[in-house]
There are 6 protein chains.
Amino acid sequence: YELTVVDGIKVGRVNGLAVVGQDSGQVLPIMAEATPTQGATGTIVATGLLKEIAQESITNVSAIVKKFTGRDIRNMDVHIQFIGTYSGVEGDSASVSVATAVISAIEGIPVRQDVAMTGSLSVRGNVLPIGGATYKIEAAAKAGIKTVIIPHSNLDDVLIEERYKDMVEIIPVSTIEEVLDVALVPERKEAFMEKIRNLARMTPAEFLEKVSGTSGKKVPGA
Amino acid sequence: YELTVVDGIKVGRVNGLAVVGQDSGQVLPIMAEATPTQGATGTIVATGLLKEIAQESITNVSAIVKKFTGRDIRNMDVHIQFIGTYSGVEGDSASVSVATAVISAIEGIPVRQDVAMTGSLSVRGNVLPIGGATYKIEAAAKAGIKTVIIPHSNLDDVLIEERYKDMVEIIPVSTIEEVLDVALVPERKEAFMEKIRNLARMTPAEFLEKVSGTSGKKVPGA
Amino acid sequence: YELTVVDGIKVGRVNGLAVVGQDSGQVLPIMAEATPTQGATGTIVATGLLKEIAQESITNVSAIVKKFTGRDIRNMDVHIQFIGTYSGVEGDSASVSVATAVISAIEGIPVRQDVAMTGSLSVRGNVLPIGGATYKIEAAAKAGIKTVIIPHSNLDDVLIEERYKDMVEIIPVSTIEEVLDVALVPERKEAFMEKIRNLARMTPAEFLEKVSGTSGKKVPGA
Amino acid sequence: YELTVVDGIKVGRVNGLAVVGQDSGQVLPIMAEATPTQGATGTIVATGLLKEIAQESITNVSAIVKKFTGRDIRNMDVHIQFIGTYSGVEGDSASVSVATAVISAIEGIPVRQDVAMTGSLSVRGNVLPIGGATYKIEAAAKAGIKTVIIPHSNLDDVLIEERYKDMVEIIPVSTIEEVLDVALVPERKEAFMEKIRNLARMTPAEFLEKVSGTSGKKVPGA
Amino acid sequence: YELTVVDGIKVGRVNGLAVVGQDSGQVLPIMAEATPTQGATGTIVATGLLKEIAQESITNVSAIVKKFTGRDIRNMDVHIQFIGTYSGVEGDSASVSVATAVISAIEGIPVRQDVAMTGSLSVRGNVLPIGGATYKIEAAAKAGIKTVIIPHSNLDDVLIEERYKDMVEIIPVSTIEEVLDVALVPERKEAFMEKIRNLARMTPAEFLEKVSGTSGKKVPGA
Amino acid sequence: YELTVVDGIKVGRVNGLAVVGQDSGQVLPIMAEATPTQGATGTIVATGLLKEIAQESITNVSAIVKKFTGRDIRNMDVHIQFIGTYSGVEGDSASVSVATAVISAIEGIPVRQDVAMTGSLSVRGNVLPIGGATYKIEAAAKAGIKTVIIPHSNLDDVLIEERYKDMVEIIPVSTIEEVLDVALVPERKEAFMEKIRNLARMTPAEFLEKVSGTSGKKVPGA
Ligand SMILES: [Ca+2]
Ligand SMILES: [Ca+2]
Ligand SMILES: [Ca+2]
Ligand SMILES: [Ca+2]
Ligand SMILES: [Ca+2]
Ligand SMILES: [Ca+2]
Ligand SMILES: [Ca+2]
Ligand SMILES: [Ca+2]
Ligand SMILES: [Ca+2]
Ligand SMILES: [Ca+2]
Ligand SMILES: [Ca+2]
Ligand SMILES: [Ca+2]
């Protein structure tokens with residue numbers, strides 16, 4: 001198994017991007033798996049020595065995952081692994097990568113390995129700006145990545161050297177739906193994106209009524 | 001996605017207000033989402049590096065949310081996110097913003113984005129005074145906000161410069177019901193406010209009897 | 001909403017009393033609310049930066065609450081809030097105030113706001129002595145309070161200045177039942193106090209048999 | 001309510017004994033109450049700033065309580081309170097006092113207040129030696145206590161001054177059964193002690209079969 | 001109750017052995033009791049100020065206990081007590097003593113008190129080497145113990161003084177089954193050891209099928 | 001019981017490999033057992049003073065175990081023990097050893113003791129590179145091990161001395177399936193490996209449907 005994979009497709013594996021030191025970037029692979037839970041209820045756990053903001057970003061991603069899988073995940077344990085981060089993970093810019101890897105793992109839908117991505121996430125699925133966009137894009141290009149997803153609000157920060165401009169296509173996005181549209185390779189693309197958009201529109205009460213029929217009901221007379 | 005949004009309406013997003021340093025304010029967006037729970041029971045979790053008083057304020061807000069949604073939320077996880085607070089959140093003055101964002105998310109009712117708000121909350125829904133009212137109002141005005149909700153007990157503290165006076169309308173409030181009345185845009189305004197007022201009047205025992213029929217019953221003969 | 005309320009009645013709000021510094025007292029409002037639980041089972045949570053002894057006093061109060069409400073509170077979350085204690089709460093002298101606020105909130109019975117109180121509590125409902133009785137009474141008088149409840153065992157400590165003597169009535173008490181008798185304003189006073197006294201007399205086994213019929217049963221043959 | 005009670009009987013209250021400083025003793029009241037649980041299952045909680053060994057002693061006492069009440073206590077919360085120990089509780093010599101207070105509270109059987117006691121407990125009900133026996137006995141005598149229960153293995157340590165010898169009777173004990181025999185005042189003494197002795201003889205499997213019929217069963221064929 | 005017991009038999013009590021300082025040993029009594037659980041599920045808890053390795057050894061012992069009792073222990077709380085270890089317990093050499101005490105307590109089978117033992121345990125029941133074998137054996141002999149169980153792999157370390165050689169018999173063991181064979185005094189020895197050996201041979205899946213019939217089942221078609 | 005075992009087969013025991021100091025290796029035995037759970041739900045617990053990365057590696061291994069046993073393990077507690085690591089365990093290079101020991105224990109399938117192994121694991125079963133490959137192989141050879149499993153990506157690092165080359169066979173692997181193929185000795189090899197490969201191909205949803213029939217279902221209409 002090679003740590004660098006930049007072509008083909010894989011379930012549960014996403015090429016994230018990290019800033020290293022002051023002025024360089026790195027491809028940071030993130031893997032996810034979902035398994036039947038060993039406990040009474042599901043958990044989401046991430047390894048790779050995540051520091052405080054990174055750990056909080058997993059909590060935010062979990063909101064997206066619970067919403068966008070459209071499944072009752074109470075019987076699943078979700079495992080997230082930052083590969084090779086023995087000196088720790090800082091920040092929340094891997095949020096879109098983590099969300100994509102987890103949704104891929106739960107749904108069994110492959111991820112394009114020639115795509116790398118960076119972006120923070122709101123709990124409602126908005127892609128928020130990150131730091132080091134230029135360094136990250138250049139690192140992706142050098143590693144052989146063909147497409148880099150970045151937050152739309154970072155477009156103005158991108159000042160990559162001329163030689164990288166033809167190597168990678170930059171795709172700015174504003175929502176997790178757009179990220180999934182670029183990175184995932186479902187068997188039936190249209191049906192999958194339609195499902196994702198339906199889930200994004202549902203209120204919590206509508207969702208709970210669909211999942212269980214008995215939850216989130218209004219108090220009679222209230 | 002732009003971090004500053006000062007017009008239109010959005011579900012689960014509220015423009016809060018924070019004091020920065022000694023003498024300036026800032027618009028602080030707060031987002032919320034409610035999802036089917038992954039665990040056996042619902043949780044409320046907030047990210048954004050909340051310090052002790054801020055974390056306790058989430059606990060207080062949860063009392064309001066459990067009461068004012070009028071729903072059985074045992075199957076929901078509530079996610080609250082302070083956007084961009086990478087150096088932490090202090091104090092409890094965002095309580096009204098958090099409560100409004102969460103109720104918006106659970107009910108699927110949009111929030112006016114031209115409104116900003118600040119205020120602490122009691123567990124019974126009273127709006128309590130906060131610090132830095134003037135700085136916060138001026139920051140809201142500068143950002144393009146049209147209406148600022150502040151605690152009634154802070155009215156005397158407001159000494160804003162002349163040039164801001166025509167830019168923003170200041171609305172003093174005493175209860176969370178008044179905040180929701182100004183900030184939320186439900187499809188049927190009257191019915192929604194009527195529901196909120198009914199919930200505010202209910203005792204816990206009445207509420208539990210409505211939700212489950214079997215809880216909170218009196219001990220026979222006691 | 002004003003932080004100082006010294007007349008009328010309110011559900012779930014009690015005027016406690018605190019010592020500030022070495023030689024002065026302060027009215028310390030305490031609020032409580034009980035809501036349907038979001039979790040599988042009920043919790044009791046208190047905010048206001050409680051230090052160790054204050055936190056333990058909430059645990060002791062919870063014994064009283066579980067006993068004196070006469071309800072199955074497994075589906076309720078109880079929220080307690082010390083208002084404005086941004087530099088923390090020390091000691092257990094607010095125990096009677098907390099117990100009164102919580103019982104008021106659960107039962108929906110209003111509390112007299114012209115009454116202030118101080119006193120520690122045993123897990124069996126005895127009112128135990130506190131410090132600073134004189135400072136607390138004087139602070140209550142200055143704030144406009146008409147009646148101050150203190151522990152009977154503190155009567156000898158009270159040395160208030162002449163000018164306060166006509167301003168407040170001091171009521172010494174030995175049990176939480178006496179506190180509730182003075183401070184609560186139930187619709188049917190006699191029936192309520194009779195219920196409280198019945199609950200005080202019940203053994204745990206009798207109580208459990210009334211609540212569920214199946215718990216606390218003796219082991220057959222033992 | 002007076003902190004010192006040395007005559008009559010009370011449910012859930014025991015006069016323990018503590019060493020204070022290097023060479024004096026003190027009567028240390030301990031109170032207990034058992035209430036219907038607010039959570040899904042019962043808990044045992046002790047307040048009074050217990051340090052590590054004291055906290056562990058509560059764990060050991062819980063083994064005794066679970067065994068000697070002969071009840072299914074899964075629906076009970078047990079509250080234990082060391083009265084007035086604002087500078088903390090060290091050591092495990094209050095174990096017999098705690099066990100007696102809790103059993104009294106659960107069963108509704110009064111405790112003699114003219115009795116004070118000291119002694120550590122094994123998880124099987126043996127009374128183990130403690131320190132400061134002489135100081136503790138003298139403090140009990142001075143406070144007006146008539147009978148002091150001490151561990152049999154401490155008999156040789158007792159060197160009390162002549163003047164105290166006629167004031168208190170010293171009763172050495174080896175088991176918690178003997179402590180309960182001296183301190184509790186059940187309505188039907190013989191029946192109660194017979195029940196306690198039966199429970200002491202039962203194996204866990206026999207006990208579980210009596211309580212639930214379905215637990216602790218042998219694996220068929222094993 | 002005397003702390004030193006070196007003859008007769010007792011349920012739930014084992015004479016362990018500890019090293020004290022650099023060059024001496026000590027008999028360390030360990031007691032256990034199993035009670036109906038107060039919580040929803042069983043727990044194993046040990047007191048006596050156990051340090052990190054000692055605490056982990058309890059976890060390892062729990063694997064043995066869950067396997068070798070052949071019972072569904074979900075309704076049992078297991079209490080383990082190191083007697084008199086007020087300055088803490090280090091290391092895992094008491095593992096065999098703890099396992100023996102707990103199995104004795106759960107099954108109601110007495111332990112020989114003229115036997116002392118030392119040995120670490122693997123989670124599969126192997127007896128692993130310990131330190132200080134010679135000091136421990138000499139301490140046992142001096143205390144009046146007649147038989148000392150040690151790990152087979154420690155046999156070469158034993159260099160006891162001549163005068164102790166006739167005082168104690170040393171029995172080297174390799175498995176917990178051998179320990180139980182020496183130390184326990186069941187009513188029907190053959191049947192008990194047969195049961196223990198059957199349990200040792202069972203796979204987890206076989207065990208779960210026997211206990212519940214519904215657990216650990218294979219996934220159909222997998 | 002000898003700590004070093006390098007021939008025959010054993011259930012639940014694997015010869016791992018560790019780096020000691022700067023430039024030497026060591027055989028590190030790892031044992032596992034699975035037992036009926038004492039709690040409501042299963043847990044995975046590891047002892048041996050695991051430091052942060054080692055503890056996280058157990059979390060990652062648990063994803064593999066939950067997936068590759070093909071069993072509902074909610075009623076099992078999994079115990080993992082690093083033997084003799086009294087100064088702690090660092091790093092994640094024992095992941096393949098732990099996974100193999102646990103799967104062996106749960107399935108009751110023996111492990112070859114003449115095999116030693118080292119390798120990190122992704123949550124999806126990829127074998128990732130480790131440090132100290134050469135030192136570990138030499139240590140295995142010296143201890144009498146005949147076969148050493150290493151990550152394929154470490155092949156280039158292996159520079160063992162001539163004299164060890166004939167002593168051990170080195171088997172490079174890329175997935176946990178390959179590790180199990182070399183190390184386990186099931187009764188019916190083909191059927192076991194077929195089962196493992198089927199499990200590896202299943203999506204979480206397929207798995208959950210097989211285990212329970214009711215979990216992970218799609219939301220109707222989504
Ligand atoms: Ca990144
Ligand atoms: Ca959206
Ligand atoms: Ca604010
Ligand atoms: Ca109100
Ligand atoms: Ca007070
Ligand atoms: Ca009473
Ligand atoms: Ca004592
Ligand atoms: Ca006994
Ligand atoms: Ca030992
Ligand atoms: Ca074995
Ligand atoms: Ca290794
Ligand atoms: Ca794979």
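Biologist: What makes Glu33(A) and Lys67(F) a salt bridge?

Modeller: The closest N and O atoms of Glu33(A) and Lys67(F) are 2.7 Å apart. A salt bridge needs a side-chain nitrogen of Lys or Arg within 4 Å of a carboxyl oxygen of Asp or Glu. The pair therefore qualifies. Across the interface of chain A and chain F, the rule finds 3 salt bridges.

Biologist: What should I know about the model itself?

Modeller: It is predicted: local features need pLDDT of at least 70, side-chain atom pairs count only at pLDDT 80 or more, and totals for chains, interfaces and linings use all residues. Residues are numbered from 1 along each chain as its sequence is written, chains are lettered from A and ligands numbered from 1 in the order written, and side-chain values use heavy atoms, without hydrogens and water.

Biologist: How do you know that chain A and chain F are in contact?

Modeller: Contact means heavy atoms within 4.5 Å. By that rule, 39 residues of chain A touch 43 residues of chain F. The two chains bury about 3600 Å² between them, 59% of it on carbon and sulfur atoms. Buried area is the accessible area (1.4 Å probe) that two parts lose on being put together, summed over both.

Biologist: And what keeps chain B and chain E off that list?

Modeller: Chain B and chain E do not touch, and their nearest C-alpha atoms are 15 Å apart. Chain C and chain E have no contact either, with closest C-alpha atoms 11 Å apart.

Biologist: How do you know through which surfaces chain A and chain F meet?

Modeller: Only 5% of the interface residues of chain A are also interface residues in chain F, so the copies meet through different surfaces.

Biologist: Is Leu17(B) buried or exposed?

Modeller: Buried means under 20% relative accessible area, exposed over 50%, partly exposed in between (1.4 Å probe, protein chains only). Leu17(B) has 2%, so it counts as buried. Ser93(B), at 15%, is buried too.

Biologist: Why is strand E10 of chain A called largely enclosed?

Modeller: 5 of its 5 residues (147-151) are buried, so the rest of the structure largely encloses it. Thr147(A), Ile149(A) and Pro151(A) cover one side, Val148(A) and Ile150(A) the other. Helices (H or I, at least four residues) and strands (E, at least two) are DSSP runs, numbered from the N terminus.

Biologist: What makes E7(A) and E10(A) a pair?

Modeller: Pairing needs at least two DSSP bridges. E7(A) and E10(A) have 3, in the parallel sense. Val115(A) has Thr147(A) as bridge partner. E10(A) also runs parallel to E11(A), joined by 5 bridges.
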